Amino acid sequence: MSGPNFLKNFNKKPKTKLGFTLIELLVVITIINVLASTILVSANQGRFRARQSRRVSDMRELQKAIELYNLRNNSYPNTGGAWYTACNSCTLFGGCNQPRDAWIPGLAPTFIRSTPVDPLMPNPASNNAQGDYCYVYRSDTTGREYKLMAHRILEFTGSDYTSQQQMIDPRRDGTVDCTVQTNNPNNIFAWAIYTPGGCAAGW
């Protein structure tokens with residue numbers, strides 16, 4: 001091949017592919033969606049674990065404050081036999097709508113800076129008649145027995161409750177005695193810390 005046609009063909013540049021095809025764009029979008037979903041699930045699991053750890057910490061801190069109160073006053077914070085909570089749970093608990101930062105009488109600020117509430121407790125604590133996501137406390141009329149509960153943690157499954165087996169409320173595990181049962185973890189719906197009489201009283 002020679003002459004002008006040869007030079008014309010020789011000088012032709014290959015066509016450059018511009019942009020992405022529709023299939024390539026769809027593949028990229030799919031990958032981005034998968035990555036975003038994975039990150040979101042991981043973040044949600046992290047927040048859940050943080051709330052779970054906080055509930056354990058809250059219960060232990062309240063227990064320490066209650067015992068310190070008892071050491072000084074020779075009785076536990078006295079609710080006169082009523083359940084006290086910051087939640088608006090009047091269908092279950094008589095002493096609802098206590099001050100959010102001092103819902104156990106006499107504890108804050110002397111024995112604890114403020115009384116914690118469940119991280120998912122509604123604020124304001126309305127439309128919560130079943131006591132969902134509530135910390136609740138009760139003493140007998142003498143202040144010698146008490147029970148502290150993390151009540152109806154709806155984001156928990158049975159295995160989440162049993163992860164802290166020593167905190168399972170034995171009267172809210174599907175039975176009515178004071179022995180913790182884990183045979184059917186889906187029946188469990190509260191964590192509790194209590195004196196022996198706080199369980200025996202049937203609370």
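This is a predicted model: local features need pLDDT of at least 70, side-chain atom pairs count only at pLDDT 80 or more; totals for chains, interfaces and linings use all residues.
Residues are numbered from 1 along each chain as its sequence is written, and side-chain values use heavy atoms, with hydrogens and water left out.

So what's here? A disulfide is a covalent bond between the sulfur atoms of two cysteines. The structure has two disulfides, counted as pairs of cysteine sulfur atoms within 2.5 Å.

| Pair | S to S | About the S-S bond |
|---|---|---|
| Cys87 and Cys134 | 1.9 Å | -120°, left-handed |
| Cys178 and Cys199 | 2.2 Å | -115°, left-handed |

Take the link of Cys87 and Cys134: it connects distant parts of the chain, 47 residues apart. Cys87 sits in the loop between β1 (83-85) and β2 (134-139), while Cys134 is in strand β2 itself. Helices (H or I, at least four residues) and strands (E, at least two) are DSSP runs, numbered from the N terminus.

Now for the link of Cys178 and Cys199, joined by a disulfide. Cys178 lies in the loop between α3 (158-162) and β4 (190-194) and Cys199 in helix α4 (residues 196-200), so this pair ties together parts 21 residues apart in sequence. Is each end buried or exposed? Cys178 is partly exposed, at a relative accessible area of 38%, whereas Cys199 counts as buried at 2% relative accessibility.

Notes. Buried means under 20% relative accessible area, exposed over 50%, partly exposed in between (1.4 Å probe, protein chains only).
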